[in-house]
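Reader: I'd like to learn how to read a two-chain model like this one. Could you walk me through it, feature by feature?

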Amino acid sequence: MLELIDVSKVYRGGKRAVDHMTLRLGPGLLGLLGPNGAGKSSLMRMAATITRPTGGRILYDGVDAVARPDVLRQALGYLPQDFGVYPHLTAREFLAYLAAAKGISARAARARIDELLELVNLTEAAGRPLGGYSGGMLRRVGIAQTLLADPRVLIVDEPTAGLDPQERVRFRNLLSELAADRVVMLSTHIVSDVESVASDIAVVADGRLRRRGTPEDLLGEVAGRVWEAVVGPEQAALAQTRHPVSRAVRTADGVRLRLLAPEAPYPDAEPVAPDLEDAYLAVVHQSDNPADQWREARR
Amino acid sequence: MTAGRLGRLALADFRERARRPAYVLTLAAAVGLGYLAVPDPGTRWVIMQLGDYRGRYNSAYTGTATALAGALWLTLGGFYVVRGTITRDEATGVGRLLAATPLRGPGYLAAKFLSNVMVLGSMAGVLALTAPVMQLARGESDTIEPGRLLLPFALIALPLVAVTAAAALLFDATPPLRKGLGNVIWFFVWLAVALGGQGPGAPLGGIGVHGVVASMRADMTARHLDLSGQEFSLGLTYIDRPLRTFVWDGFTPSVDFLATRLALILAAAVAALLPALWFGRFDPARGGAPPQPRPDGTPAPVAAPTAPVFTGPPRTVVRPGGAFGRLLVGELRILLRGAPRWWWAVAAAITVAGLVVPLSAVPRIVLPAAWIWPVLIWSRLGTQRHEYGVESLLGGYPAPRRRTLAEWLSGLAVTALAALTPLVRFVAAADWAGVGAWAGGALFVPSLALALGTLSRSHRLFQAGYLPLWYATANGLPLLDFMGAVRTGGHPAGPPAPAVAALSALLLGAVFATGAARRGKG
């Protein structure tokens, strides 16, 4: 069990990246959603023991992970959003070095690295220097290193950046399988990445936890409030100042809008089934506009 | 390109550098140098002297002494300060953004040159501000004469600022010189310029000191002071007794002198723009270094497998086990991988030389050679995790102190192996004092490299600091001999080996303390 209790992070200069956030995570996959600058990466770095919180506590199986980070680090697989590699080492050498840094025995490390290279389909390229790898291949090396020590806690920050659509789908499936008996924390601003695998979603904005629940909970909150309508360009521009607009597609007839509103915004607007992007937008929009009418009207 | 656009580009680049904490340190170093350049009259350490004499600390002499000391410092330390501006644009991706604009190569280089001049000029400016303060503090003359005080900065320091700014840019834009090799080469170029540039026949007036010295000598002659055997010296020197003084009211530059100074600035500007002939504008296919070169320096594109098969988590049971040895091997690989074959060949030649040369030449020649050759390897210590962005991965890994220890041990192994045959010869000759000095040096070099690399997160600080230290040792200065190269009566004349080992321990302590502080700061 990983617990982040009333955690805050204030950087030099007073920038409050995370503001009194509490998250308790057991086995399963938590999808952390939020706009850029919401505090996701700061939260992930604190959970991964990279950054020390300026307030609150982080516990792993009851052990204070701030005071004794190595306890969590032994059980952790962490994939940061941006990372580098030693360009002159081969993938196999790099993973062997990281396995030694994890304190894994030589025999187990060899077998594990073979399996992981196979898993991420880099066996053939494993003997070549990492300096010649493409971005997607390096990302796969990063994914492999997270699984070196059979981690009980996986923290992955924007893991699918740089992967092609096929790789993304397969990686999401892998995460889903791992989440059966592990704590998996997945941060992204790509809603579809979370939609397909997360049973638990947390939406973060302005450093605060805005909503947490299952996808069904979030969808339920916007049921009956998502509309589609075709309007003229001027109306479309006006609509974006009044309602959260999740899609705007220019067609021969005008602009097809998909937007959130407590009631039909236009006489010919049609109600549609919400998706997670609508739900996410609603939460984030409410955060930006606390006194937003459509939320108030719903209450 | 208009002057305004050039100025804006240079100013933005200057701001980026001036807002780094290291910039404040370089200005502080300039203040420290200003203090050293005008030493207390009773001190035994001086930077400028004319035999047994120095000038009274009036504006002309204080300004000249500070400007000359600054010229020496700016051409050496300043070079390393302004190095890497093109590499930084490459690493940050700014270069690729600029490459997509109409900005042409010469314009980009001109802006970088101007920015280098601004950085070095601001350091010279701080020195110029320090000079009157030191003049008043020394109390030998209360009259500040701004013209005489600042003239040496304009005529001596400024042209050398331009030369250093251009040289740094030229090295940055020339692929073989853009990294550590360029830093090492510059040290020896600087030595040649600093020593050869003082003579009357130096090209373009050299560092500009000759006219000044001639003026001082003329004033001394006019005052009937004995000039026989009185040699001009510029550079930190220990003297047996305090210097006597004479009054020097400055010099009036001749037209020829002014012309050579101007020519030096023009030559610097030409040298700065010269790389436009081969500068690739951040196109890797046109000679710009790829972000992650292979050991042989050529990119090696690896065909990406098309269908990754995320079949499921691996099943091997993970067991903890003695991993320190493999960690050490990993650190050695990281340190040594990428060294070209010719580097290994020279290292092997030095090793063989250690076995075959007469014993007397082992400490004096082979040992210094063995401990200068890996300078670019050592300078990687403490920097590579940051340089390659691996620390964001390793931050989540356990036992960071163990990794630091393994990194230091890998440096120690390189140091010991590089000078293995001198050790063998010392042991065979029962030169136990030599063995002790060797051991002190073997501990000291990787500790210094790791400490400076960890503190600065850059190769340059170690390269810039170690080369003068090594040069002093190789030239027989016992005070700084950390390896036992300088012998008196067959015994090492430098500091005792336990003192060198203790200093190494302090440096290593600083490494661990810095790591802990950075982790604590988060």
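**Strands, helices, cores and contacts**

Author: Let's begin with a strand pair: strand β1 (residues 2-10) of chain A and β2(A) run antiparallel to each other, joined over 6 bridges. Keep in mind that this is a predicted model.

Reader: What holds strands of a sheet together in general?

Author: Strands of a sheet pair through backbone hydrogen bonds, and the pairing is either parallel or antiparallel. For a residue-level example here, take L4(A), whose bridge partner in β2(A) is L23(A).

Reader: How many helices and strands does chain A have?

Author: Chain A comes to 11 helices and 14 strands. Its C-alpha trace spans about 70 × 45 × 35 Å along the principal axes. Of its 299 residues, 51% count as buried. As for contacts between residues at least 6 apart in sequence, 68% of those in chain A join residues at least 24 apart.

Reader: Now helices. Which way do residues three or four places apart point?

Author: They point the same way, because an α-helix has 3.6 residues a turn. Now look at a helix in this model: α1 (residues 40-47) of chain A has 8 of its 8 residues buried, so it is largely enclosed by the rest of the structure.

Reader: Which residues of α1(A) are buried?

Author: They are K40(A), S41(A), S42(A), L43(A), M44(A), R45(A), M46(A) and A47(A). After α1(A) comes T49(A), which has a positive phi, near 70 degrees.

Reader: How should I think about nonpolar side chains?

Author: In soluble globular proteins, they tend to be buried together. In this model the largest nonpolar core has 226 residues, and M185(A) and A165(B) have the most contacts inside it. Helix α7 (residues 146-172) of chain B gives the most to this core, with 17 residues.

Reader: Which residues does A165(B) touch?

Author: Leaving out residues up to four places away in sequence, A165(B) touches V82(B), F113(B), N116(B), V117(B), L120(B), A268(B) and A272(B).

Reader: On to interfaces. How is the size of an interface often given?

Author: Often as the accessible area lost when the parts come together. Here I'll count residues instead: 47 residues of chain B are in contact with 60 residues of chain A. On the chain B side, α11 (324-336) and α16 (391-394) each supply at least two residues, and α11(B) gives the most, with 5 residues. By class, the side of chain B that touches chain A divides into 27 nonpolar, 14 polar and 6 charged residues.

Reader: Which domains does each chain have?

Author: Chain A is assigned domain 1 (2-214) and domain 2 (219-298). Their C-alpha centres lie 34 Å apart. The contact between them takes 9 residues from domain 1 of chain A and 6 residues from domain 2 of chain A. On the domain 1 side, α7 (191-195), β9 (200-205) and β10 (208-213) of chain A give two or more residues each. That side has 5 nonpolar, no polar and 4 charged residues.

Author: Chain B is divided into domain 1 (3-286) and domain 2 (325-521), with 31 Å between the centres, taken over C-alpha atoms. Each of these domains of chain B puts 8 residues into the contact. On the side of domain 1 of chain B that touches domain 2 of chain B, α3 (59-82) and α8 (180-196) of chain B each supply at least two residues, and α8(B) gives the most, with 5 residues. By class, that side has 4 nonpolar, 3 polar and 1 charged residues.

Terms used. Residues are numbered from 1 along each chain as its sequence is written. Chains are lettered from A and ligands numbered from 1 in the order in which they are written. This is a predicted model: local features need pLDDT of at least 70, side-chain atom pairs count only at pLDDT 80 or more; totals for chains, interfaces and linings use all residues. Domain bounds come from an automatic or database domain assignment. Two residues are in contact if their C-beta atoms, placed from the backbone, lie within 7 Å. Helices (H or I, at least four residues) and strands (E, at least two) are DSSP runs, numbered from the N terminus. Ala, Val, Leu, Ile, Met, Phe, Trp, Tyr, Cys and Pro count as nonpolar, Asp, Glu, Lys and Arg as charged, and the others, Gly among them, as polar. A residue is buried if 20 or more other C-beta atoms lie within 10 Å of its own, exposed if 12 or fewer, and partly exposed in between; C-beta atoms are placed from the backbone. Two strands pair if DSSP finds at least two bridges between them. A nonpolar core is a set of buried Ala, Val, Leu, Ile, Met, Phe, Trp, Tyr and Cys residues joined through C-beta atoms within 7 Å.
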